[in-house]
Each structure stands twice: as structure tokens, then as C-alpha cells.
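Please read the following alongside the sequence and the model.

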Amino acid sequence: MLIRAKEPFRFYTRLHLSELTGLRATTLDQLLDLIKKVSGSCIYHHTHRFLQQHQYLSPEPPNDFAYWVAEILGEDELGERLVSIDTIQFSTIRSLRDKIVATTEDYLKNNPKALLKFARSEEEFHFIKSVSFVIPTNYVAYDLRDFAEILKKITIDSIYFHIFEARLRLGKGTNDFSNWIENSLGDKELADEISKLDPYTRTLENLRETLIRRIEKKIPT
Amino acid sequence: MAKIEEYISIVGESVIDDLRLLAEKLKGKVIQHINSTPVGGGVAEILNCMVPLLRELGVDTRWDVIKGGEQFFEVTKKFHNALHGKVEEITQRDFEIFMETSRQNLENVNTYGDIVFVHDPQPIALIKEKSHNRWIWRCHIDVSNPNQKVWNFLKDFIITYDSAVFSAPSFSQRLPIRQFLISPSIDPLSDKNKELSQETIDSVLQKYNIPKDKPTITQISRFDRLKDPIGVIGVYQQVKRYIDCQLILAGGTATDDPEGLKVFEEVQEKAKQDRDIHILLLPQNDIEVNALQRASTVIIQKSIKEGFGLTVAEALWKAKPVVASNVGGIPLQIKHKYSGLLCHSIDGAAFAIKQLLNSPEYAKRLGENGREHIRNNFLLTRHLRDYILLFLSLYHEEDIVYL
């Protein structure tokens, strides 16, 4: 029998605007210095932009810092280290920022010559911040069947909001879907299964399909 | 003109649902766009698409155009070139001419909007009319390396706006007001971008006596030095040494661009010995532009400076392989070797075109990736969404806004 949720799940969507800061880096030193100073919304933008803008390309470098140090400064090893930061392990922007800083500083200790490289003027790193607009949609789920049907229809922006933004930017610790499935439907197994998916290594459409598949398995026929 | 529902088949229903949700949040606000020309050039083209669609979504949107004489537009053309970093002699008299026309426009243009959205430098001085309403300055120009004399003159106006909008990150400047990054877009249902039958494409080729028997390299652009049409002929000549191909250089001139005809004549002179170079001064005929792009083997956009370079998005939307300069907004549209090839010189562009003509499978893959990138990021529906969010941002200072 299909369990009816204690509380229904209201789907939200998140749309964003990119705000320019006028801050730019030409060298690794400047980049590091600004990474320490800019707002969390900047760090969030540069570690999550690729996910939404290049959703059809996979694999893609998951953050702009990694892409810039590798492709523009030619520091492939540091690029690889920054790409490999396991973003899903961090539950706040602050801790993610600290990891990026520590990884870069650690690399510079052994590779001080990397500080001598600089980007050409048209290839500087421009710091941008993400301004999010969170809007309730008209979609509400009362059980897993509703939930799966809605997942097929909503925008990837909505999936993105509940999986990435709620967990990391809003500091909820886990994604909204797992939270609801565990607390309102009492299905801890499915909740854990979803929270263990690494969404950073998939395209958003692939993530949608995977979620639907796992949820549909739990719906009695 | 297409209706908003017609975009569902291209971007999906949920994208349009989101636009409707957002538009509701602007109920009661009047948005007033102001620019300098109703036709010709990218700004008028975007507004002609966007204004009716915003209205259909329920956003009360109006569009007014300032007036200016020949002298005024010659000065604003000089400003435009100088902001792009071209060496221009700007005199005190130029600033006076600009201000004289601005004063007349200040008297004649009623800035009634709750949000006044001013496009480019020509109407910038209207900000002097600012009262309790919100003002946005939209810069469509590549100002990554502007002439400081012109920039500082304009900056005095810009800093009195509530927000500024630029098309690429490298255009942003240190300013005391909020600045947003909004890329322009193309309309997939417009005459310039909609699907065309092979008969239509063939009829356009026949009209201009363009044979179909050899690969075609095309640049669609206004005849403007910043689009480097002479450089494009240089590229073609290098490719032609190895591959028998033809070149189409096609474009019109905007009403605010007095230099266009002069450049056109220079290009004609440069190409006159070669029957495989087709130089077409097109009237505003979007179907013909569309057909020429679709008939091309490779599209080139060898701009020296570029506000954004929408012709790149147009070509990619048609899944064409594109070779384009790494300037302005072009690198946002082309990720090198994934969705096109970027170049920095005539030699580099010629090499890239030879690669594409000799490797059609590679060219096809780049074109297909390019089309998906445009679908996700550069269609009119994304642009509508960004503009509505921009309007809403004027009433919210925070980084996470709950609507």
C-alpha cells in the first residue's frame, strides 16, 4: 500500500542571476587572495555554475577555479586536485572554501614557480556571485507516486534547488528529497539511497532519471 | 510574431510555467525600455522580440525611442568605437553635441516607467530625469578596454543608475552600483532562426547566384571594421590555396552607423578579382540570412571586438560548425573544441576552417554540441527569465531572495 505523507512535499524552483563584482585575478596569488575574501555567493557560483550551464556535456570540470588554473595558467596538477574535491562531503560553503584554499596553498608550497604565471588580459578570472530567487511551484506531492510523476515534469532548476542548493547553500545538511522521504514517509532506506548519490558526477537530466527510477521501484504496482 | 506557447515545443512546458510564475511577481509595475533605433542592429532586434512576449506574460512593458540627428549619431558611433578600444579622436565638441541632443531628449521623452531600462550610451543622459522610479543601464558593448575619456564621461551617468547590466564578465568595471551579467539571446522561432525548407534555401542561393558545388564559408555581419570583413577575405584566401571553396560576406547597415557604406566599398574593392567571393549588402531580410547560414559549410565570425556576437548563437542553433574570435561574448557561446573553434588571428582562423572542411564528422559533432549549448543558455526564454529576475532584483538586496 502506498504511504501517504505526514506533510506534503511542495516543490520549489530556484532561478538565478549572475552578479558581477568587478574583481579579477591574473595570477594564482591574486586568485587565492580573492577566494579567501569574496562572499560565499561567489564561491557557490564558481563551484556550481558548470552544472547548470553545461548540462549536456559530461564529464565537465565541476568548478571554474579548476578550469582556470589548468586551462589558462597551465597548472594541470592543481587543476586536477581542485576538480577532485569531493563537494558532496562539505555541508557549508565555508568548509568548501577552506578546502579550496588549503588545497591551493598546499600545492604552492611544493610548486612555488606556479606563482610566476599570469593570464593574458582577456583570460583573467572574473569573480561573479550567484543571486538566487526561490519560488514555490504549484506542484505538491502527497505520496511517492505523485512525487515521481512531478519529478518527470518539473524543470531541472527545481531538482537542482532541492538537491544542491538546499543542502549546501542553505546549510540543511542533506537534500530536501531525502529529508521528506525519511521524515514524512518514514522510508529511511530510500532516503539514504538518494543522499548517497553523488550528484556532482552526473548531468542533471541523468540525475532526474536516476531519482525517478529509484523512487518508482518503491511504488507498489 | 510567435506566441509564448509556441516555445514549449523547443524548451519544454515547465520553462514557460516558470516564466508565468515570475511574471506574476511584477504585477502593477510598468517597465519602460528606451533605446536609439527601432530597427537595425542587435538591440532593436532583441526588443522587437521581447517586448510583445513580456506583455503576453502579463508584464506591462513599453518601448520608447530617443531622437537624434546625423551629427549625434556620428558622435555616438565614435563613442561606440572608442568604448571598444579603437583609437578615436574625441573632442570637446563631440561631448557638446552629445549633450545638446540629450537635453532635447530630456525635454521630449517622458520617463514614466516604474522601471526605466536604458539601452547603450545614446540615451544614457535621460537618468537626469530620475525620480522615485528604478533605473537600469544596459550596456550591449564590449567595454573590457574602453577609451578612458569616453568611459569616464559616461561613468558620471552610470553611477546614478540603480543597476548596470553587461553581456560578458570581462566587461564589468569597478562601479559603486550593482552589476549583472545577462547574455543576450536569439529567438528560435523568428524568421532568422526558424527551420526552412530546402526549396527556400535554394531559392535564396539562386537569387544571389551562389552555386552549391563547393564548400561555403560565411560571415554574416554588418559591414563594420570591428567585424574585420577584410580579415575574413584573408582567411578565405589562405583556405582557398588548399581547398576549393567560396566565401559569402553578407550583412546590412544599421541606421545609426554612418561608416557602414564606406567599409562595404573597401570590401568590394578587396574582393573584386575573385568570383567565388559573394558580397551581399542585404536589406533587413531575415529569411535570407537564415537561408545563407543554413546553406553554409562553416560559419566564421572574425570580429576584432564584439558586444556579444549573436550571429555565433544563430549559427550554432542551426548546428553549424563555427570558427570565431575569442573576444567579447563569443567564448561564452563556444567552448573551444567542444562547441566550435576559437581563434586569435587570420592564420588561426584559416587553420581551424581547413580542419573543419577536412573533417566533416568532427565539424558535425561541434555543431550539434553547439546547438544544445544554445538551447540551454542562449534562447529568448532564458533572456526573458533573466530580465524578469533583474527587475525583481531592484526590490531585493539579498543574495537569496524568497519570492
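In this predicted model, strands β3(B) and β4(B), the latter spanning residues 134–138, pair in the parallel sense over five bridges. Within this pairing, His119(B) stands opposite Arg138(B) of β4(B). β3(B) also pairs with β1(B), residues 30–35: four bridges join the two strands, and they run parallel. Here Ile31(B) has Ile115(B) of β3(B) as its bridge partner.

How many residues of β3(B) are buried? Strand β3(B) covers residues 115–119, and five of its five residues are buried. The cover extends to both faces of the strand. One side carries Ile115(B), Phe117(B) and His119(B), and the other carries Val116(B) and Val118(B), all of them buried.

The domain assignment divides chain B into domain 1, made of 4–185 and 379–393, and domain 2, made of 198–377. Taken over C-alpha atoms, the centres of these two domains of chain B are separated by 27 Å. Their contact takes 21 residues from domain 1 of chain B and 21 residues from domain 2 of chain B. On the domain 1 side, the elements that give two or more residues are α3(B), residues 41–56, and α4(B), residues 70–83. Of these, α4(B) gives the most, with four residues. By class, this side of domain 1 of chain B has six nonpolar, eleven polar and four charged residues.

The next contact is the one between the chains. In it, 25 residues of chain A are in contact with 32 residues of chain B. The elements of chain A that give two or more residues to this side are β1(A) (9–25), α2(A) (40–53) and β2(A) (125–141). β2(A) gives the most, with nine residues. The residues on the chain A side divide into eleven nonpolar, ten polar and four charged.

Strand pairing also crosses between the chains: three bridges join β1(A) to β6(B), residues 178–181, and the two strands run antiparallel. In this pairing, Phe180(B) of β6(B) is the bridge partner of Glu19(A).

Confidence in chain A can be read by element. The average pLDDT of chain A is 90, and 95% of the residues score at least 70. Where is confidence lowest in chain A, and where is it highest? The lowest mean, 86, belongs to α2(A), and the highest, 98, to helix α1(A), residues 28–37. α2(A) is also one of the elements that give two or more residues to the side of chain A that touches chain B.

Conventions:
Residues numbered from 1 in each chain as written. Chains lettered and ligands numbered in written order. Predicted model: local features only at pLDDT ≥ 70, side-chain atom pairs only at ≥ 80, totals over all residues. Buried ≥ 20, exposed ≤ 12 C-beta atoms within 10 Å, placed from the backbone. Pairing = 2+ DSSP bridges. Contact = placed C-beta atoms within 7 Å. Nonpolar A, V, L, I, M, F, W, Y, C, P; charged D, E, K, R; others polar. pLDDT = per-residue confidence, 0-100. Domains from an automatic or database assignment.
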